[in-house]
Amino acid sequence: MTVDYITYKYDKRSDVMHVFFTEKYRDADYGWYVADEVADNINEVRDERNEDLVGFVILDYRRNKPELVKRYPEYFF
């Protein structure tokens, strides 16, 4: 899957980062997504229809950012 557009949405109050690989996140498609925890507080969001990676949900973002840069340098810097 090539990623042409990445949307980052950060919730400062909760320290949660949402990352979507689509031009516009559509709530109608939300039911098709499943999140798999790949490390503590780091979730890969996949389309359950075809297992494509469609984004991330990261809890405790500030604490986990070094791990994200190491695991996914193409998305986090």
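User: Is asparagine 43 buried, partly exposed or exposed, and what is its relative accessible area?

Analyst: The general idea is to ask how much of a residue remains accessible: buried means under 20% relative accessible area, exposed means over 50%, and partly exposed is in between, with a 1.4 Å probe and protein chains only. In this structure, which is a predicted model, local features need pLDDT of at least 70 and side-chain atom pairs count only at pLDDT 80 or more, while totals for chains, interfaces and linings use all residues. Residues are numbered from 1 along each chain as its sequence is written, and side-chain values use heavy atoms, with hydrogens and water left out. With a relative accessible area of 14%, asparagine 43 is buried.

User: Where is asparagine 43 found, and with which residues is asparagine 43 in contact?

Analyst: Contact means heavy atoms within 4.5 Å. Asparagine 43 is found in strand S4, and, leaving aside its neighbours within four places in sequence, asparagine 43 is in contact with Ala35, Asp36, Glu37, Gly55, Phe56 and Val57. Across the strands, asparagine 43 stands opposite valine 57 in S5.

User: How many helices and strands are there in the protein chain, and in what order do the elements run?

Analyst: Helices (H or I, at least four residues) and strands (E, at least two) are DSSP runs, numbered from the N terminus. The protein chain has one helix and five strands, and from the N terminus on the elements run β-β-β-β-β-α. Of the 77 residues in the protein chain, 36% are buried.

User: Which strands pair with S5, and over how many bridges?

Analyst: Two strands pair if DSSP finds at least two bridges between them. S2 and S5 pair in the antiparallel sense over four bridges, and valine 19 stands opposite phenylalanine 56 in S5. S4 and S5 also run antiparallel and are joined by five bridges. In the hairpin of S4 and S5, with five residues between the strands, glutamate 51 takes a positive phi near 70°. As for covering, S5 is mostly covered, since six of its six residues are buried.

User: How should I read a pair of aromatic rings, and what are the centre distance and plane angle for phenylalanine 21 and phenylalanine 56?

Analyst: A pair of aromatic rings is described by the distance of the centres and the angle of the planes. Rings of Phe, Tyr and Trp (its six-membered ring) pair if their centres lie within 6.5 Å; planes under 30 degrees apart count as stacked, over 60 as edge-to-face and the rest as tilted. By this rule the count comes to seven aromatic pairs. In one of them, the rings of phenylalanine 21 and phenylalanine 56 have their centres 5.8 Å apart and their planes at 80°, so the pair is edge-to-face. Phenylalanine 21 lies in the loop between strand S2 (16–20) and strand S3 (33–39), and phenylalanine 56 in strand S5 (residues 53–58), so the pair ties together parts that are 35 residues apart in sequence. Both phenylalanine 21 and phenylalanine 56 are buried.

User: What kind of pair do phenylalanine 56 and tyrosine 75 make, and which residues form the aromatic cluster?

Analyst: The centres of the rings of phenylalanine 56 and tyrosine 75 are 5.6 Å apart and the planes are at 55°, so this pair is tilted. The pair links distant parts of the chain, with phenylalanine 56 in strand S5 and tyrosine 75 in the segment after helix H1 (61–71), 19 residues apart. The relative accessible area of phenylalanine 56 is 0%, and tyrosine 75 counts as buried at 12% relative accessibility. One aromatic cluster is formed by Tyr8, Phe21, Phe56, Tyr72, Tyr75 and Phe76.

User: Which residues of H1 are buried, and where do they lie around the axis?

Analyst: Here one looks at the arc, which is that of the directions from the helix axis to the C-beta atoms. The buried residues of H1 are Tyr61, Asn64 and Leu68. They cover an arc of only 70° around the axis, which puts them on the same side of H1. These buried residues pack against strand S1 (7–11), S2, strand S4 (42–47) and S5. The face of H1 turned away from its buried side carries the exposed residues Arg62, Arg63, Pro66 and Lys70.
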